[in-house]
Amino acid sequence: MSQPVAHTVLVNGERHSVTVQPEMPLLWVLREVLQLPGTRFGCGMALCGTCTVWLDGVPSRACVLPIGRVGTRHVVTIEGLHAPVHTPEVARVTHAVEAAWTDGNVAQCGYCQSGQVMTAVALLRDNPAPTDADIDRAFDGVLCRCGTSPRVRAAVRAAALSAAESLKTDAPPSST
């Protein structure tokens, strides 16, 4: 391993300076250095999606991304979904996903849920009315060992409906 180097990372809207080896995975910088334990370690090979965070809004696996390759990209963790840096649409979708997860009793052991929720919010942010194929494609590689995938799909559908309904009630009244 190389010598520790100073890195500046933007996480959940805040800049942090960390001094670690450039090859240290982002996951361990988040969990061990920045004390953001919401992003979990699963397989360590980017196969299970438990460690999913957003890099410039794109769901990415933190367990295989060296901190030296993060650069100036904005990292969002599960703790940052409610950060004020997000658009009202992300806030609306985040609330809808959290409510659907609770109402649908999605989490069983809960271990993979931060990756599941990060994936769901990104999907609905980018595609407010996903088909089952869209949901399956987005969650390909985001595994739940408890077998809650059917509940995840149902919760994503419920969150999409809820977010759409919320958008209607927030919309300005029609002029007709």
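A residue is called buried when its relative accessible area is under 20%, exposed when this is over 50%, and partly exposed in between (1.4 Å probe, protein chains only). By this definition Cys144 is buried, with a relative accessible area of 13%. The model is predicted: local features need pLDDT of at least 70, side-chain atom pairs count only at pLDDT 80 or more, and totals for chains, interfaces and linings use all residues. Residues are numbered from 1 along each chain as its sequence is written, and side-chain values use heavy atoms, with hydrogens and water left out.

The cysteines may be considered next. A disulfide is a covalent bond between the sulfur atoms of two cysteines; here the term is applied to a pair of cysteine sulfur atoms within 2.5 Å. The structure holds zero disulfides. Cys63 takes part in none, the nearest cysteine sulfur being that of Cys51, 3.6 Å away. Cys63 is buried, at 8% relative accessible area. For Cys144, the closest cysteine sulfur belongs to Cys112 and is 4.0 Å away, which is too far for a bond.

The text now turns to charged side chains. A salt bridge is a side-chain nitrogen of Lys or Arg within 4 Å of a carboxyl oxygen of Asp or Glu, and the whole structure contains seven of them. One of these joins Arg92 to Glu89, with the closest N and O atoms 3.2 Å apart. Both residues lie in helix H2 (residues 88-103), three residues apart, and are thus separated by about one helical turn. Helices are DSSP runs (H or I, at least four residues), as are strands (E, at least two), and they are numbered from the N terminus. Arg92 is buried at 15%, whereas Glu89 is partly exposed at 24%.

Another salt bridge links Asp132 and Arg153 (3.8 Å, N to O). Because Asp132 lies in helix H4 (residues 132-138) and Arg153 in helix H5 (residues 149-170), this pair ties together parts that are 21 residues apart in sequence. In helix H5, Lys168 and Glu165 are three residues apart, or about one helical turn. Their side chains also meet in a salt bridge (3.8 Å, N to O); Lys168 is exposed, with a relative accessible area of 58%. Through shared partners, salt bridges join Asp132, Asp136, Arg153 and Arg157 into one network.

Charges may also sit over rings, a term used if NZ of Lys or CZ of Arg is within 6 Å of the ring centre and within 35 degrees of the ring normal. Arg40 lies over the face of Tyr111, 5.0 Å from the ring centre. Likewise, Arg125 lies over the face of Trp54, at 4.7 Å.
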